[in-house]
Amino acid sequence: MRTEPHVNTTAAAVRNLGILAHVDAGKTTVTERILFATGAIHKRGEVHDGTTVTDYDPQERDRGITIFAAAVSCAWDGHRVNLIDTPGHVDFADEVERSLRVLDGAVAVFDAVAGVEPQSESVWRQADRHGVPRIAFVNKLDRAGADLDTAVGSIRERLGAVPLVVQLPVGREDGFTGVVDLLRMRALIWGAGAGAGDGSYEELPVPGPLLEEARRRRRLLEETVAGLHAEALEEFCAGDGLGEGTLVRALRELTLAGDGVVVLCGSAYRNRGIEPLLDAVVAYLPAPGDMPPVRERAADPAEPLAALAFKVTATATGRLTYLRVYAGTLRKGDSVLDPATGRTERVGRILRVQADRHEEREEAVAGDIVAVVGLKSARAGTSLCAPEAPLLLEPPVVADPVVSVAVEAGRGTDTGRLASALARLAEEDPSLVVRTDAETGQTVLSGLGELHLEVAVEKVRRLHGVEVVVGRPRVSYRETVVRGVTGFVYRHVKQDGGAGQFAHVVLDVEPLGEPGFEFRSAVTGGRVPQEYARAVEAGCRDALAEGPLGGHPVTGVRVVLTDGATHSKDSSEMAFRAAGRFALRDALRACGAELLEPVAEVTVTVPDDGVGAVLGDLAARRGRVTGSAGQSGTTVVTATVPLAELFGYASRLRGRTQGRGAFTSRPAGLAPVPAGVAATLTAR
C-alpha cells in the first residue's frame, strides 16, 4: 500500500473517472481496493459482507449489488482521483448516464471468464455517446476458466475497440500471482513476501519461461501502436521498436482520441494489479484540461463559474446536490444562477464526498466533483453559473420509463406521506415518474425495470415509514403508424362571441422509420406564417400523447405541413395550435396504426441438461431465440423477449433449472405486438 502526503491541486493533477462494468464483474471491489491502496481507507471491505465504502445503502448491502452511483475521492502519485462507482444492473442505467455526463474518463472492468457481457456492452455504448476515454481492467484472473486473451478478443469483437494490452499474467487461475509490465519488461509479483495480501508486491526480472512470450507481446503492442500513431510509426520504422517514453506518450494520445484502449489485468479480490491500474489512470486518462472547453469556457479557476448538478439526495443532515465544476471557482456562501429559470440560490456548504461521509471545504475549483448544501430547487441536469455570466449546459438524457405499478398507502392516514415520499423519490431519480391515472384515480409509479421499482418502493418503506400496497407491473406501450395519409385537411373554426378562432391546415402524415417525431413546414408564399407553423408543430406534439389504438403515446411519425389558410382577424397561435392537435388526432385515426411494446435482449446461462426446458419457456413467453453457444458444460442462450413476459422470470428459471440457471437482460427498443395480443390489449 502506498500513500501520497502531497496532492497537487491544479486541474492537470485531477482525474475524474467512473468504474463501469456488468453486474458482478467486480467493479465495487476494484473501487474498494483503490481506496485501500491509496490510503483513503485502512481496512478492506467486501461486497459479500456488506462492508464496502461505496455500497453503503442498506438495500445495496442486502442485495449485494450497486444500486446508486457513489462518489469517492483519493490521492495517488500527487494526483487527486475522483471516482464514481456506477451500478452494473440494467435497471439503474440512468445512474450511469448521469455519471458519464460529468466524467472525463472511465475504467471498464471485465470478468476474465465471461469477457464482454450484455451490460458491459451497454455501458460501453453509453460512454461512446459521451466521448469518454477509457482503459480496461480484466478482473478475476484467479478464477477457474479465466483467460486474458479470450476476454481481450471479446473486447475487440463485441465492442469494436482496439485493445492495447500492456501486461502479461504470471500464472493461471488459482496460480495467478502477478503480471509482466510489457512497457518496462519487469515482473510485478504479489504476495511473495512480507505484507502479502495488503497489496505489496515485488518488482523482479521477467521469469525465464515467460521471457520469450513477453518479448513477442511487447513487439505486437509496438506494431499495433505504430499502426495507429504517426510519431510512433516514424520511430518504429527508423529503428528497432519503440522506446518506453514514446510508447507511453502514444498510448495516452490514442486513449484520449478514443483510437485505442489500454488493457490491464489482475484480481481485485486478492488485491493484485491495483497499483499498476492506478498508475495507468494517472498516465493515460485525461485531466479536466485535456477535455474540450465547455461552451468555450475553459477548465480554469479564473474563468466565470460553470457547473452542472448531476445527482440530488436527501440525507439526515439535509439535501445534497452533487456538482461537477467545469470552470471557475465556487466558494462557500456564493450565490449561483440557474440560467434556465433565472432563479438565484446561495451555497451554504461545500463537501468533498466519500460515499456516505463528507469532508467540508471552503471552495471547489474547475475540475472538482463535490456536493453542496443549501440549494433547494436544483435538480439533476440543472446548470449553475455565475450570475453575471449565464451559461446553460446540456443536461443528461433521461431514459423513458418502461414499467409501471400502481401504488397506494396501506393505511388511509398515510396517503399524504406517501405522496410526499414519491415526490422526493422522483426528485432524486429523474427516471422515476409519478402520475395519477386519469381513469382509475390510482397513483402510478413508472421506472426502468421491475427491480428499479422494487428498490424505489422499499426505499419509501424504510426511509419514510410508509406501508405501500403495490399492484402488478405493467409495461409502457407505444403506438406508431405503418401507413400514412396525404393531403389531410382540417379546418378549425370557433365563434362564441367576441374574437373568433380560425385556422386551416393541410397535413401529410407518414412513418418515420424510427422512434421519435419529426415536423417540417413545406408551405410557400406565406400562406401560413412561421409563427403559426410553430404553433401547428406544438399542437401535433400535444396530439402524440394519446394514440388511436389504446391511448398510448405515439412515436415514429413524420408530419409535413403542406398548405393552410389564415383569417385577418380570427387567426392566432392558439387557433393554429388547436388545429394542429385536432388535425393530427384525426389523421392518426385515418392512418394504419400498430401497437409497439418494449423488448429486451435476454442472455440465459443454463446447464446443458436444462436447455430444452428453457427454450420451451422462452417460446411460451413469445421470445425469439437469436443464438446459443456451449461453454464448459453450460449453454448460453440469447433471445429477444417482450418485457411484459419477463415479470417473474427469475423465479421460473430457477425452478426449471434446480437453481442452476441465471439470466441477464438489457433494453432492445420497441417491437410490434402480434395482432392477436394487440387485440386483447386494446380491448381492455
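1. R216 and E213 form a salt bridge with their closest N and O atoms 2.8 Å apart; a salt bridge here requires a side-chain nitrogen of Lys or Arg within 4 Å of a carboxyl oxygen of Asp or Glu. The two residues sit three apart in helix α6 (residues 208–226), separated by about one helical turn. R216 is partly exposed, at a relative accessible area of 47%, and E213 is likewise partly exposed, at 25%. Buried denotes under 20% relative accessible area, exposed over 50%, and partly exposed the range in between (1.4 Å probe, protein chains only).

2. The model is predicted: local features need pLDDT of at least 70, side-chain atom pairs count only at pLDDT 80 or more, and totals for chains, interfaces and linings use all residues. Residues are numbered from 1 along each chain as its sequence is written, and side-chain values use heavy atoms, with hydrogens and water left out.

3. R324 and D104 form a salt bridge at 3.1 Å between the closest N and O atoms. Because R324 belongs to strand β13 (residues 318–327) and D104 to the loop between α3 (93–102) and β4, this pair ties together parts 220 residues apart in sequence. Both R324 and D104 are buried. Helices (H or I, at least four residues) and strands (E, at least two) are DSSP runs, numbered from the N terminus.

4. A salt bridge also joins the side chains of E46 and R33 (2.9 Å, N to O). E46 lies in the loop between α1 (27–37) and α2 (58–63), and R33 in helix α1. Both are buried.

5. The count of salt bridges comes to 56. One network links E121, R125, D128, R134, R158, E601 and R666.
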